[in-house]
Number of protein chains: 2
Amino acid sequence: MTENSPTPEDQSAEKPVERDEDDYLPRPELLQQIDQAIEAEDAQKLNELLAPMHAADIADIIENLDPGERRVFVTLYGGEIDGEILSEIDEGIRDQIVEMLPRDVLAEAVREMDSDDVVDLIEDMDEPEREEILSALDAGDRAAVQQSLAYPEHSAGRLMQSEVVTAPEHWTVGETLDFLRNEEWLPEQFYHVVLVDPRRHPIGYVTLGRLLAAKRATPLKELEEDSFRTISAYADEGDVAYIFNQYHLISAPVVDRDDRLVGVITIDDAMAVLDEEHEEDILRLAGVGDESSLTDTVGQTLKQRVPWLGTNILTALAAASVIALFEDAIQGLVALAVLMPIVASMGGNAGTQTLTVAVRGLATKDLTSGNSLRVIRREAAVGLLNGILFGAVIGAVTFFWFGNPLLGIVILLAMVINLLVAALGGILVPLTLNRLGIDPALASGTFVTTLTDIVGFFAFLGLATLVLL
Amino acid sequence: MTENSPTPEDQSAEKPVERDEDDYLPRPELLQQIDQAIEAEDAQKLNELLAPMHAADIADIIENLDPGERRVFVTLYGGEIDGEILSEIDEGIRDQIVEMLPRDVLAEAVREMDSDDVVDLIEDMDEPEREEILSALDAGDRAAVQQSLAYPEHSAGRLMQSEVVTAPEHWTVGETLDFLRNEEWLPEQFYHVVLVDPRRHPIGYVTLGRLLAAKRATPLKELEEDSFRTISAYADEGDVAYIFNQYHLISAPVVDRDDRLVGVITIDDAMAVLDEEHEEDILRLAGVGDESSLTDTVGQTLKQRVPWLGTNILTALAAASVIALFEDAIQGLVALAVLMPIVASMGGNAGTQTLTVAVRGLATKDLTSGNSLRVIRREAAVGLLNGILFGAVIGAVTFFWFGNPLLGIVILLAMVINLLVAALGGILVPLTLNRLGIDPALASGTFVTTLTDIVGFFAFLGLATLVLL
């Protein structure tokens, strides 16, 4: 019965969107009871509480425990930790759990996992641990995992499942249905049947919906989808996420260098990659290690943040030594010391605006060699206009504050120079880093704020020296 | 044939991931030819070039044109712009295109679109334009769109498709297959059959894969998935994206306040929302309007960026007036002016680190009332330790640079104070804004950097006045 449903209560358009956490997050009371059960080391109670919960929520609970509690948790509940829970846990914490788990429980958990999840689990492990887990798998699964591991890190080959449902291109719907009904083993989730030629080259696919709706005698070839595209096993996982999002794919066959089918990637994996890449970008832009997690300890957090702050102290010292060049000017006119951070701060902010737009544009592949010149021109124009606008504002404030019209003109000019430099730096630095193969999200921020600090201080204090002293 | 595939070339693990843009982006030569065809106003050539392209790529091309070129493009190619292309174009530009399109082409395009895409197209339109488009739809589609519009903006009700494939809970696989095969109209993409009771309450669902693999006599109830959950039509779209990502859903039935089925949301829509929400977060954190796009004009870009820079100039002036309090101290010891930006800058960077982690934690629902106290404690500890570490570094540098041990101790203390304040501000400000119902990504940045500027200058210059003068 495909039909449209009755209209909702008419007044509802005015009501705000509901944000009732209870609907989809485990209730705080439940979390508290779980904490208590762990504290009391009450295995039975813990089992009762966790039994109805989704593996993803159990994984979140494990992530939120202290390292000590986590050990108790594994003692109490370890036997129940299955492949699904294991695949949901954050990498760093998962490694801890894996070490704590009894070997037989781990082997059992791994046997339940899809090949892509096993790959995700073991790809960062040392050889002996990896071997131990591989040996728990049956021969077919082991081969699939090893095949996947042979592809580069962060490639489509690592992301794919080897289990694909295929059909010869000449089959009819009826033949396909009979085959599926008699097949002992099918992947847990699949959305297409991939048509292959005799050399196992994928040549099209049919959605299950079409298969269900068609007559038995219909040849599969007549039901093929337009959206069909294959992905190289060597493609970068970020590009895979882009392709899924751009072309609204649900699943896509993965091929090797000879265009032979080696696996399939489904949209849920692409969504997870998209999520991770965004997370990485946002954390890198802020100078936070891209593996950072709320459950990290103080030590882990320090390790992630010190490098960025260390870089920043060097650049701050560079800016300070620019100021030191003008000690005499400041001595002569202390107002310079009062005003100079304004010029630097506005430059930093304007630069970050342009930079963020540029980094996002590169990440979403909207900023290309075809339009970069136009974007550079636009940013330069915006920087110049913002410089004139805010330079005039701060020039007027300076005039009224310090009663010094020349000082007002100096800060106006310095602002125009610095916001123009900020705009050009904000777009050119990420474009250059990107061309050099460096992730612009990682390094652009330091470059651009160093630039705007140094140029801001130099332009303001230098002009002041020329004009006022 | 479900099977594992042959292993790839063994040397491949060492090769870097491929980043060959040609694989999935339209070639630059092609884009150039398209530009030339538009310039030459050659409709036939343009049609030839665009014919094999995906709607999403054509939409990208339209977005990248200048407003003038866009008008020419619509004149040349307008008749071919269909519902698919229209749904892919960015909102701002789509509105321009819709205005330019001949009314009959628009009506035809809208008739082809899924109800959720029509909702997306018209939800921000004025009443007369909206009516015009609604009148192009047939009665059933119009009712579906109007029903969806009755739900709040950014709700699941706006995101869903009304077209759902349902089956009575007592049906067998055979009955369902016969029904599907005889149904004239099925949604273009569907992944589950939703089981409903006689009052149209969804009570479970069956994946198409299971339906295909089962015997005809099997009751649907036996094939139900564990992952089944319904979504309230009033739920926030961000929460919908979270639920899909957390529980690996592919599609989920949407229900009204009486738990009656009103539509279905599929993972591709959830993925698009996730993408938009990330984009919003990252742009808001940088103080760039969250609707900003690379194709915006200079005027549009200025309009988005001026408010943030305007806020920043006020906070920079506040910081400057703190410095002005200490003019005498600076006059007495110019080294203070040289060193003070270092304290402020380190505070701003450390604050931004904490802030970004907090904003992300709130967005991903990892930062909850249950663990916020622990995260606050961790951030405070990290802030304190970073303050001591970098305070010691800069204290030593100051001692050697200016030969003034007391000044070194002053800057050490100021750094400890400011990095501790930065850490506390970085976590408490977003938590507070979130509790007040304000998007922490939008406003936290200004609060935190203002705080670290003011505290940085005040602590350093104030301590210097106390200790040195």
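How many residues apart in helix α15 of chain A are Arg284(A) and Glu280(A)? They lie four residues apart, which is about one turn of this helix, residues 267-285. The legends below describe close-up views of a predicted model.

**View 1. A salt bridge joins Arg284(A) and Glu280(A) within helix α15 of chain A.** Arg284(A) is buried, with a relative accessible area of 17%, whereas Glu280(A) is partly exposed at 25%. The two residues fall into separate classes because buried means under 20% relative accessible area. Over all chains, the structure has 32 salt bridges.

**View 2. A salt bridge connects Glu279(B) with Arg360(A).** The N to O distance between these side chains is 2.7 Å. The pair crosses between chains: Glu279(B) belongs to helix α15 (residues 267-285) of chain B, and Arg360(A) to helix α18 (residues 335-363) of chain A. Arg360(A) is buried, at 3% relative accessibility. A further set of residues, Glu279(A), Asp281(B) and Arg360(B), is linked in a network of salt bridges.

**View 3. Glu132(B) and Arg103(B) form a salt bridge in chain B.** Their closest N and O atoms are 3.0 Å apart. This pair links distant parts of the chain, since Glu132(B) lies in helix α9 (residues 127-136) and Arg103(B) in helix α7 (residues 103-112), 29 residues apart. Both residues count as partly exposed, Glu132(B) at 34% relative accessibility and Arg103(B) at 38%.

**View 4. Strand β3 of chain A is largely enclosed by the rest of the structure.** This description holds because five of the five residues of the strand, residues 192-196, are buried. His192(A), Val194(A) and Val196(A) point one way from β3(A), while Val193(A) and Leu195(A) point the other way.

**View 5. Strand β3(A) pairs with β2(A) and with β4(A).** With strand β2 (residues 164-168) of chain A, the pairing is parallel and runs over three bridges. Within this pairing, Ala167(A) has Leu195(A) as its bridge partner in β3(A). Between β2(A) and β3(A) the chain passes through helix α12 (residues 173-182) of chain A, and this β-α-β crossover is right-handed. With strand β4 (residues 202-207) of chain A, the pairing is antiparallel and runs over five bridges. Here the bridge partner of Leu195(A) is Gly204(A) in β4(A). The hairpin of β3(A) and β4(A) has five residues between the strands, and in it Arg200(A) takes a positive phi near 65°.

**View 6. Tyr205(A) and Phe228(A) form one of the 15 aromatic pairs found over all chains.** A pair of aromatic rings is described by the distance of the centres and the angle of the planes. For Tyr205(A) and Phe228(A), the centres are 5.2 Å apart and the planes make an angle of 80°, an edge-to-face arrangement. Tyr205(A) lies in strand β4 of chain A and Phe228(A) in the loop between α13 (208-213) and β5 (231-232), so the pair ties together parts that are 23 residues apart in sequence. Tyr205(A) is buried, with a relative accessible area of 1%.

**View 7. Charged side chains lie over tyrosine rings in chain A and in chain B.** In chain A, the charged end of Arg229(A) sits over the ring of Tyr247(A), 3.6 Å from its centre. In chain B, Lys365(B) lies over the face of Tyr242(B), at 5.6 Å from the ring centre.

Methods. Residues numbered from 1 in each chain as written. Chains lettered and ligands numbered in written order. Predicted model: local features only at pLDDT ≥ 70, side-chain atom pairs only at ≥ 80, totals over all residues. Heavy atoms only, no water. Salt bridge = Lys/Arg side-chain N within 4 Å of Asp/Glu carboxyl O. Helix = DSSP H or I, 4+ residues; strand = E, 2+ residues; numbered from the N terminus. Buried < 20%, exposed > 50% of the residue type's maximum accessible area, 1.4 Å probe, protein only. Pairing = 2+ DSSP bridges. Right-handed = clockwise from strand over helix to strand, strands pointing away. Phe/Tyr/Trp six-rings, centres within 6.5 Å; stacked < 30°, edge-to-face > 60°. Lys NZ or Arg CZ within 6 Å of the ring centre and 35° of its normal.
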